[in-house]
Amino acid sequence: MASAKKNDVISEAPPHSIKKFELISEYVKAWIQILMQNTKCKGIVYIDCMSNSGVYKTDKGEEIEGTPLRVSNIIAEAMQTYPYKQAYLYFNDWNDAKIDLLTTRLPKQTNNFHIYTEAMDANTMLRQIGNEIASNFKDMNFLLVYDPYDAHIEWDAVEPFLQNWGEVIINHMVSDTIRAAKVAKKPDVIKKYENTYKTPIDELIYVGSDRNAYEAIVEKIIRERSGRGDKYYVACFPFFNSNNAVVYNLIHCTGHYKGFELFKTTAWHTFGDKSSMKKSGSIDDPIQMRFDENGNFVFGEPADESCYNLRDAAQYVQEHFSGRSDVPNDEVWNYLGEHPVFPTRDYKNKIKDVLKRDFDMKASRSSMSFSDRSY
Ligand SMILES: C[S@@+](CC[C@H](N)C(=O)[O-])C[C@H]1O[C@@H](n2cnc3c(N)ncnc32)[C@H](O)[C@@H]1O
């Protein structure tokens, strides 16, 4: 049962939610330009099946727009430049009052910019739209945002979107599972976790608080349901609260390499050239002392899988190509580009600079030569 706070039509958006609004809307801003310039694409379908009201307040009480308002304004503006393409936006939330407020704030519809709002169960809506994807939206690209308040994912409703040539962003509310799965007693709550992870509750209790294990289960389900296994791209970024604990992961799923690359780059831009907003150097995660190559004691930040920086990306490249000369640039970027978190688009020069500065890499116009030293 959702709490009163969750039912507030205008709720407070903590900093991690504001980052989420930024990441999704900045992604859409770049995504729509790529698609509109593609002659084969007739238009786009954007679905936010758990949209909320679009209106929040900050901790200072200032009003702030959520993802649906940001995205609809971005798409409305882009469509003015592309009158021969079409955009269809779907916003849904089972709370009527939230949809009522959202409706009053949405931009005006035009001949090529259409908005549908619903107040129903998101999964029921997806099952309806999912059945029509192939027939109704031929040559259109879609983006589905699946953003619940808890770890509740109905895979059969999401599956048609994973199998088609579109993209899906899923909020995996892993903090809910870590906190509540092991103590779940009510049959419907147990069923929720078992369905989300397609795993019996006894096994989930055994997984306990292992965030990486839950993430791995979800990624495996996504790959299986996409029908494309390892050829499907899955990027995953954790979102931290002010206590430095992970609240959720935003998972981007696509069969398009370009979309995968774009989402990773947008996330790194959003987090300020890092892969998350995690604060380093806390009591739980101290900045560590280590010896440098000259035997001097220095402060160093250990590579942290929850918050990579550009040096980590460079180190990942160095470790793979160590000792190799004249490696074609494309080979280096293709290798880095397959990584679920490290960015390439817009980041090649920055990563190249770190490779030269910290790893003694020598670059020519078309290739790179790597030192065989261990770092
Ligand atoms: C995390 S908020 C969505 C935030 C929104 N995507 C944004 O970025 O501004 C989750 C919303 O999903 C709604 N919700 C949760 N489960 C739902 C379901 N099964 N069907 C419809 N709405 C649902 C809740 O009422 C809530 O407003």
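This is a predicted model: local features need pLDDT of at least 70, side-chain atom pairs count only at pLDDT 80 or more; totals for chains, interfaces and linings use all residues.
Figure 1. Residues are numbered from 1 along each chain as its sequence is written. The C-alpha trace spans about 65 × 55 × 45 Å along its principal axes.

**Figure 2. Secondary structure of the chain.** The chain contains 14 helices and 15 strands; these are DSSP runs, numbered from the N terminus, with helices (H or I) of at least four residues and strands (E) of at least two.

**Figure 3. The shell around the ligand.** Of the 21 residues around the ligand, Met50, Gly66, Thr67, Trp94 and Ala122 come nearest; a residue counts as near if its C-beta atom, placed from the backbone, lies within 6 Å of the molecule. At least two residues of this shell are supplied by each of α2 (15–36), α3 (67–81) and α5 (122–136).

**Figure 4. The surroundings of leucine 310.** Leucine 310 lies in helix α12 (residues 310–321). This leucine is buried, because 20 other C-beta atoms lie within 10 Å. Neighbours within four places in sequence aside, leucine 310 is in contact with Asp273, Lys350, Ile351 and Val354, where contact requires C-beta atoms, placed from the backbone, to lie within 7 Å. Tyrosine 347 is 37 residues from leucine 310 in sequence, and their C-alpha atoms are 8.8 Å apart in space.

Key. A residue is buried if 20 or more other C-beta atoms lie within 10 Å of its own, exposed if 12 or fewer, and partly exposed in between; C-beta atoms are placed from the backbone. Two residues are in contact if their C-beta atoms, placed from the backbone, lie within 7 Å.
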